[in-house]
Amino acid sequence: MEDCVFCKIIKGEIPSDKVYEDEEILAFKDINPAAPIHILVIPKKHIPSLVELEQGDEEIIGKIYRIINKIAKEQGIDNKGFRVIVNCGKDGGQEVNHLHFHLLGGKQLGEKIV
Ligand code: 5GP
Ligand code: ZN
């Protein structure tokens, strides 16, 4: 999508600190980290949010979790623990309308609401 900030990051039009990339998935450090480790994992396909998943997207979602597993190990937080968050829509606090998974860790995470 032309005016999507994460699509621009995928295309390299906006720089990012990448931690993983393949033909379908990109992971990069959040510009405004909420924890010592705060990485965004996104599909390269522009999926606006969780409510706009299409048939066939199951595979990419599963793969994203596998990449989160890999990154957590590389970052050394697999044993200490971490949190994965997907904000969806207005009430969910989603600000960027390109599906993304927040991987947070590296400290005892607070503000647990569930
Ligand atoms: P949301 O609130 O939509 O779940 O999360 C969007 C996240 O994207 C925020 O944590 C914000 O800091 C991050 N973000 C927004 N713009 C950029 C950017 O240009 N580069 C990077 N690396 N992160 C961004
Ligand atoms: Zn996009």
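My notes cover the sheet and its helix, then the salt bridges.

**Ground rules.** I am working from a predicted model, in which local features need pLDDT of at least 70, side-chain atom pairs count only at pLDDT 80 or more, and totals for chains, interfaces and linings use all residues. Residues are numbered from 1 along each chain as its sequence is written, chains are lettered from A and ligands numbered from 1 in the order in which they are written, and side-chain values use heavy atoms, with hydrogens and water left out.

**The sheet.** I looked up the strand order first. I found an open sheet of five strands, antiparallel in its pairing and ordered E1-E2-E3-E5-E4. For the terms: strands (E, at least two residues) and helices (H or I, at least four) are DSSP runs numbered from the N terminus, and two strands pair if DSSP finds at least two bridges between them. Strands E1 (18-21) and E4 (82-85) are the edges, each pairing on one side only. On average, neighbouring strands are turned by 15° against each other, direction ignored; axes here are lines fitted to C-alpha atoms, for helices over the stretch in contact, and angles run from 0 to 180 degrees between N-to-C directions.

I then checked E2 (residues 25-29) against E3 (residues 37-43), and they pair in the antiparallel sense over five bridges. Leucine 26 has isoleucine 42 of E3 opposite it.

**The helix.** Which strands does helix H2 touch? H2 (residues 58-74) packs on the sheet and touches E1, E2, E3, E4 and E5 (101-105), where contact means heavy atoms within 4.5 Å. The direction of H2 makes about 155° with that of E3.

**Salt bridges.** I counted a side-chain nitrogen of Lys or Arg within 4 Å of a carboxyl oxygen of Asp or Glu, and the count comes to 11 salt bridges.

- Lysine 44 and glutamate 21 have their closest N and O atoms 2.7 Å apart. Lysine 44 is in the loop between E3 and H2 and glutamate 21 in strand E1, so this pair ties together parts 23 residues apart in sequence.
- Lysine 63 and glutamate 23 meet at 3.8 Å, N to O. Lysine 63 sits in H2 and glutamate 23 in the loop between E1 and E2, so the pair joins parts 40 residues apart in sequence.

Is lysine 63 buried or exposed? Lysine 63 is buried, with a relative accessible area of 17%, whereas glutamate 23 is exposed at 63% (buried is under 20%, exposed over 50%, partly exposed in between, with a 1.4 Å probe and protein chains only).
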